[in-house]
Amino acid sequence: MSTTNPQSDTQPDEGPRRPRWSRRPAEGSPAAAARARRRSKQRRRLSNVAALMAGLVLTGALYSTLAPGAQAADEGSESSAEAAGRELYERSCISCHGENLEGVPNRGPSLIGVGEAAVYFQVHTGRMPLVRQEAQAPDKPAIFSDEEIDQLMAYVQANGGGPVLPSGDLRDGDLAAGGELFRLNCAQCHNFVGEGGALSSGKYAPSLEDANDLEIYAAMLSGPENMPIFGDNQLTPEEKRSIINYIQTITDMPDPGGAGIGRIGPVSEGLVIWVVGVAALLFGIFWMGSKA
């Protein structure tokens, strides 16, 4: 009976195995070029991520440094006129125009974007605060002083923005050009000489006889009631000054011949002459008839 040799089934011992190291591709070969491209992509990605992180860190550092200073500057600028204007607004205007100038439905419009021009016109002419809701706000003596009006203007301008009032002489425009512009843009509502006139639905164009230069300019900038807004694209500042010069010139012009009769020219004068003449003729006829 044969027996197998156990040593014949085992593999001969080849000794310790050597680690297999991948060979480096030779320089200039396609594999080396592909490997270089992969490394270049990785380096670019890492550099982009590093640049992004550096930008974010720099932006955060700048914001944390500059934002508190800007906020402090804003708070400090409200300590005088704007703070006083805020108190006046919260006491007299907030019930109709809202806590943040956004307006209240069926009470008062938004004041965002109207600017100090609208505040000056409405408050200086006494139209605001409004006594009651009606077709048009009538002008009346102003409730606030000039200083308080300036404070309200500063508050609304700082928080709502909008048109600002000009400075300097507002009558230095051309008189003839002002008359032509007034007849073209304003006479259909305000009469040829600014006497005003009736409009529809209980509204009217007010007389310009007692309006000062700044009120007229502010009205053109803000467009109160039914009046359209005449921004600088519609009428330049020089044209606005020309219109003001015309209005104030005809308002201050004396009437040496007697009553102005509306200053609308021969129509009113002819009507007066006709009525007076016919009345004089009838009186003469009746007098002569009574004597006969």
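Trainee: Why is Arg 171 called partly exposed?

Mentor: Arg 171 has a relative accessible area of 34%. Buried means under 20% relative accessible area, exposed over 50%, and partly exposed in between (1.4 Å probe, protein chains only). The value of 34% lies in between, so Arg 171 counts as partly exposed. Please note that this is a predicted model, in which local features need pLDDT of at least 70, side-chain atom pairs count only at pLDDT 80 or more, and totals for chains, interfaces and linings use all residues. Residues are numbered from 1 along each chain as its sequence is written, and side-chain values use heavy atoms, with hydrogens and water left out.

Trainee: Is Asp 213 buried or exposed?

Mentor: Asp 213 has a relative accessible area of 15%, and therefore counts as buried.

Trainee: Which residues are linked with Arg 171 in a network of salt bridges?

Mentor: Arg 171 is linked with Asp 213 and Asp 252 in this network. The closest N and O atoms of Asp 252 and Arg 171 are 3.6 Å apart. Asp 252 lies in helix H10 (residues 237–252), so its pair with Arg 171 ties together parts that are 81 residues apart in sequence. Asp 252 reaches 54% relative accessibility, and therefore counts as exposed.

Trainee: How do you know that Arg 132 forms a salt bridge with Glu 134?

Mentor: Their closest N and O atoms are 3.8 Å apart, so the pair meets the rule. Arg 132 counts as exposed at 52% relative accessibility, whereas Glu 134 counts as partly exposed at 38%. By this rule the count comes to five salt bridges.

Trainee: Why is Ser 80 called partly exposed?

Mentor: Ser 80 has 49% relative accessibility, so it counts as partly exposed. Ser 80 lies in the loop between helix H2 (30–77) and helix H3 (81–92). Ser 80 and Gln 151 are 71 residues apart in sequence, and 8.5 Å apart in space, C-alpha to C-alpha.

Trainee: Where is Glu 102 placed?

Mentor: Glu 102 is in the loop between helix H4 (94–97) and helix H5 (115–124). Its relative accessible area is 42%, so Glu 102 is partly exposed.

Trainee: How many helices and strands has the chain?

Mentor: The chain has 11 helices and two strands. From the N terminus on, its elements run α-α-α-α-α-α-α-α-β-β-α-α-α. Of the 292 residues of the chain, 26% count as buried. Over residues 271–289 the chain is 100% helix and 0% strand, with the end C-alpha atoms 27 Å apart.

Key
A salt bridge is a side-chain nitrogen of Lys or Arg within 4 Å of a carboxyl oxygen of Asp or Glu. Helices (H or I, at least four residues) and strands (E, at least two) are DSSP runs, numbered from the N terminus.
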